[in-house]
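Have the sequence and the model open side by side.

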Amino acid sequence: MIVDDSLAMRMIVRKTLRLAGFDGHEFSEAEDGAKALAAITVAPPDLVLSDWNMPNMTGIELLENLTKAGLKVKFGFVTTEATAEMRSRAASAGARFLISKPFTAESFKEALEPHLK
Amino acid sequence: MSKHPVPDAAQVKDLLGFLFDGIAVKAAPKLDISPNSGNFLAVYVADDGAPVALAACNMGFAANAGAALSMLPPNAAKDAVKSKLLTPAMNDNLREVMNICSRLMMRDGSGHLRLDQVFQSKSLPAAAAAMASAATGRADFEVTLGKYGAGALSLLTV
């Protein structure tokens with residue numbers, strides 16, 4: 001599942017996933033953390049790829065809420081800017097990876113391959 | 001020397017190619033960004049809020065990109081150009097595209113910038129207009145989006 005409030009960014013992430021060789025997977029999308037949480041509660045995806053800053057519920061809040069609800073879903077971040085503090089908070093909350101720059105098919109492949117069989 | 005880089009046609013094609021099929025990009029004459037031009041101007045600010053870059057486009061690019069992102073029919077873009085009015089969906093999509101264009105003016109080592117607002121030329125705030133006059137980097141392109149047709153996109157940085 002791709003979670004991002006920008007339609008254009010969701011399109012870019014989807015296309016990058018295809019270029020990285022994950023075109024055999026089905027992709028769903030949500031435009032903020034709250035909508036993603038509702039959808040994941042009904043049908044958990046194999047992996048969630050989420051932006052950090054979003055209205056209604058941010059990516060990190062989504063991850064924390066999933067943990068609180070006892071929903072164990074593989075979770076990673078895709079964000080344009082990543083500080084050391086964000087990386088540390090993401091790892092503490094249980095994120096598997098955080099992709100920032102470079103934002104390429106190679107960086108996607110390297111980050112996702114261990115988690116998507 | 002500009003602090004924020006401006007891209008070449010290949011870099012614009014690579015990035016916008018993620019959003020649009022059948023895209024072609026080539027260098028073009030300077031786009032008029034004066035207040036009465038009626039063109040659109042996206043203002044990008046640094047972390048301290050100061051304007052440091054602009055992306056300008058004409059109605060053709062705005063309507064084509066605004067329609068193509070949501071796969072609206074090409075005629076919707078043509079109607080917008082004719083009436084000189086973007087639909088609300090095209091406006092939202094233009095902002096999305098301009099937001100993505102911020103990446104064209106950042107490289108390793110250059111400062112961070114983010115999209116602030118998209119204006120029509122006559123509403124451009126004074127600080128952004130002053131930035132445009134002081135721009136040291138500039139690149140102008142003709143961008144053709146498959147069946148939607150061609151429009152003009154320019155990037156200016158300080």
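**From a hairpin to a sheet**

In this predicted model, strands β2(B) and β3(B) form a hairpin, with four residues lying between them. Gly49(B) sits in the turn and has a positive phi of about 90°. The two strands, β2 at residues 40-46 and β3 at residues 51-57, run antiparallel and are joined by six bridges. Within this pairing, Val43(B) stands opposite Leu54(B).

β2(B) also pairs with β4(B), residues 113-120, through seven bridges, again antiparallel. Here Phe40(B) has Gln120(B) as its bridge partner. How enclosed is β2(B) by the rest of the structure? Six of its seven residues are buried, so the strand is largely enclosed.

These strands belong to an open sheet of six strands in chain B, in the order β1-β5-β6-β3-β2-β4, with antiparallel pairing. β1(B), residues 23-27, and β4(B) are the edge strands, each pairing on one side only. From one strand to the next, the twist averages 25°.

Now take chain B as a whole. It has five helices and six strands, which follow the pattern α-β-β-β-α-α-α-β-α-β-β along the sequence. Its radius of gyration is 14 Å, close to the 15 Å that the globule rule gives for 158 residues, so chain B is as compact as a globular protein of that length. The C-alpha atoms fill a box of roughly 40 × 30 × 25 Å along the principal axes. Of the 158 residues in chain B, 42% are buried. Among contacts in chain B between residues at least 6 apart in sequence, 69% join residues at least 24 apart.

The last point is the contact between chains. Seven residues of chain A are in contact with eight residues of chain B. On the chain A side, the touching residues are four nonpolar, one polar and two charged.

Methods. Residues are numbered from 1 along each chain as its sequence is written. Chains are lettered from A and ligands numbered from 1 in the order in which they are written. This is a predicted model: local features need pLDDT of at least 70, side-chain atom pairs count only at pLDDT 80 or more; totals for chains, interfaces and linings use all residues. Two residues are in contact if their C-beta atoms, placed from the backbone, lie within 7 Å. Ala, Val, Leu, Ile, Met, Phe, Trp, Tyr, Cys and Pro count as nonpolar, Asp, Glu, Lys and Arg as charged, and the others, Gly among them, as polar. A residue is buried if 20 or more other C-beta atoms lie within 10 Å of its own, exposed if 12 or fewer, and partly exposed in between; C-beta atoms are placed from the backbone. Two strands pair if DSSP finds at least two bridges between them. The radius of gyration is taken over C-alpha atoms; the globule rule is 2.2 Å times the number of residues to the power 0.38. Axes are lines fitted to C-alpha atoms, for helices over the stretch in contact, and angles run from 0 to 180 degrees between N-to-C directions.
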